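Thanks for making time this morning.

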Amino acid sequence: MKKDNSPASFGAGQPGHSVRLAVSDLSVLNLSPVTLVLHAGQCAVLEGPSGSGKSLLLRAIADLDPASGAVALDGEDRGALSGPEWRRQVRYFSAEPGWWSERVGDHFTPSDEVSDLLDAFGLPADAMDWTVERASTGEKQRLALVRGMADRPKVLLLDEPTSALDDATAKAVEQQLLARIRGDGAAAIIVTHDEAQAIRIAQRRLAIQDGAVIEVAS
Amino acid sequence: MSYVVLGYWDLALAAILILVNGALSLAFKLGLERRLIISAIRMCVQLGAIGFVLKFVFVQTSPAWTVGLAMVMILLAGREIFARQTTVFTGFWTYGLGTATMMFAATSVLIFALAALVRPEPVYAPRYALPLLGMLLGNTMTGISLGLDGLMRSARRDRFAIEARIALGHSRVEALREPVRDALRTGSMPIVNAMAASGIVSLPGMMTGQILAGVEPVEAVKYQIMIMFLISGATGLGVLMAVAGAAWRLTDERHRLRLDRLRPEDRSG
């Protein structure tokens, strides 16, 4: 099993926490190689203009696209795990969630955690009986959050998770997300174009500028 | 066995029906008249040429000539699979997958048919091997091109659904299960429909040809039933192998969806 010993080029995060996610020289199209470390309970926001490579960076960390460089979780290189094993722990949430069955409930394994998350994100329990068509864009976005968080992945890579929500609902979802991230000792990178949201939720702020990921003052 | 010999004027008379089709296309502005005429001419030239080639090869009764002509037929059918797809792989896989799976399926079933069912003397006799191979290739080619096209279009169209499963930690087999099932159904449907309609809605071409050539209808039917079973077996095997191969190529060892292995352009236009 490979151990990751790569140094963090910036953003050592909260002292005292064990390293959770270490990205080292990850090459993503049009971006300079990215190196960063993210700790348990930490929520980083990633900003940058459209098309700058934010989604591609998250997808590369989740191992959805081939990319050179090293990514490790709790010191274990992702190459030591199969792709599905890695993605059960390091989860990418697309800005445009996909659905493979007509019925919402077909996308979930019923559990208390699903019921709790539905409630936490303001969705009714009978949402499981809906058709996907019947759900609004905002409801689909929240259902995708429930689906992706129910098995408690260690790292959440959230691509504009509240872009289809009104302000009040977005704030409520943010609070739930932060509470879960801290409660589970998970780590998260959230892509947003909403400056106010970034200020509200970010413990660390990352930005893509001139093809490089930099850390900006929180 | 006796049959009515057709003259060239009979063929010319039948060709009037193509002119009628062309006139209809012009009248309704379908824009099909040029393609219709070219296709009709192509058919006459191709069939005329194959008639002479078959006559020559039948006289030789040589395994080398039989295999040589079979390879030409397989390569042309492989080219046709590519031409019928709106979405194709890049590189070797563009032609390689469809041609290789069709060749394996059609020749396996052909060898079974020649060795176990028809048993001609010699077993490679071109009079039996080549027409049987032609029928197997024609139908397997259709099934494989439909199956491959269905899977690859679905991979593009349903990308978000497939990637949602992959992001949740599902394997590539789980993520592509529905698109693969749909593609297998699509590829198998023509032969299933043809078997269901045979004898009621349609009289198959081979059987009709034998009857017109003077073969007893019951004997022609026996050949036709055998052919339908052979075609069904070859199509099922070919479609399964081609779709499984395409699903494997559409993903990688890390269970990622690899749409970058498809040519970027949509060839449906």
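When I say helix, I mean a DSSP run of H or I that is at least four residues long, and helices are numbered from the N terminus. Please also keep in mind that this is a predicted model.

With that term in hand, let me start inside chain B, where B:T140 is found in helix 5, which covers residues 126-157. Is this residue buried or exposed? B:T140 counts as buried because its relative accessibility is 0%, where the cut-off for buried is under 20%. Its side chain reaches the backbone oxygen of B:L136 at 2.5 Å, and, if we leave aside residues up to four places away in sequence, B:T140 touches B:M102, B:A105, B:A234, B:T235 and B:G238.

Let me turn to the interface between the chains. Here 23 residues of chain A are in contact with 16 residues of chain B, and the area buried between chain A and chain B is about 1700 Å², with carbon and sulfur atoms giving 54% of that area. On the chain A side, A:L64, A:R87 and A:W100 lose the most area to chain B, and together they make up 34% of what that side buries.

Which elements of chain A supply at least two residues each to the side that touches chain B? They are helix 2 (83-89), strand 6 (90-93) and helix 4 (137-149), and the largest share, five residues, comes from helix 2 of chain A. By class, that side of chain A divides into eight nonpolar, six polar and nine charged residues.

Finally, the domains of chain B, which are assigned as domain 1 (1-60) and domain 2 (62-261). Their centres, taken over C-alpha atoms, are separated by 26 Å, and ten residues of domain 1 are in contact with twelve residues of domain 2. Between them the two domains of chain B bury about 900 Å², 76% of it on carbon and sulfur atoms. Across this domain interface there are zero salt bridges and one residue pair in polar contact, again with both at pLDDT 80 or more, while the side of domain 1 that touches domain 2 has seven nonpolar, two polar and one charged residues.

Definitions and conventions:
Residues are numbered from 1 along each chain as its sequence is written. Chains are lettered from A and ligands numbered from 1 in the order in which they are written. This is a predicted model: local features need pLDDT of at least 70, side-chain atom pairs count only at pLDDT 80 or more; totals for chains, interfaces and linings use all residues. Side-chain values use heavy atoms; hydrogens and water are left out. Contact means heavy atoms within 4.5 Å. Buried area is the accessible area (1.4 Å probe) that two parts lose on being put together, summed over both. Ala, Val, Leu, Ile, Met, Phe, Trp, Tyr, Cys and Pro count as nonpolar, Asp, Glu, Lys and Arg as charged, and the others, Gly among them, as polar. Buried means under 20% relative accessible area, exposed over 50%, partly exposed in between (1.4 Å probe, protein chains only). A polar contact is a pair of N or O atoms within 3.5 Å; within protein, one must be able to donate a hydrogen and the other to accept it, and residues adjacent in sequence count only if both atoms are side-chain atoms. Domain bounds come from an automatic or database domain assignment. A salt bridge is a side-chain nitrogen of Lys or Arg within 4 Å of a carboxyl oxygen of Asp or Glu.
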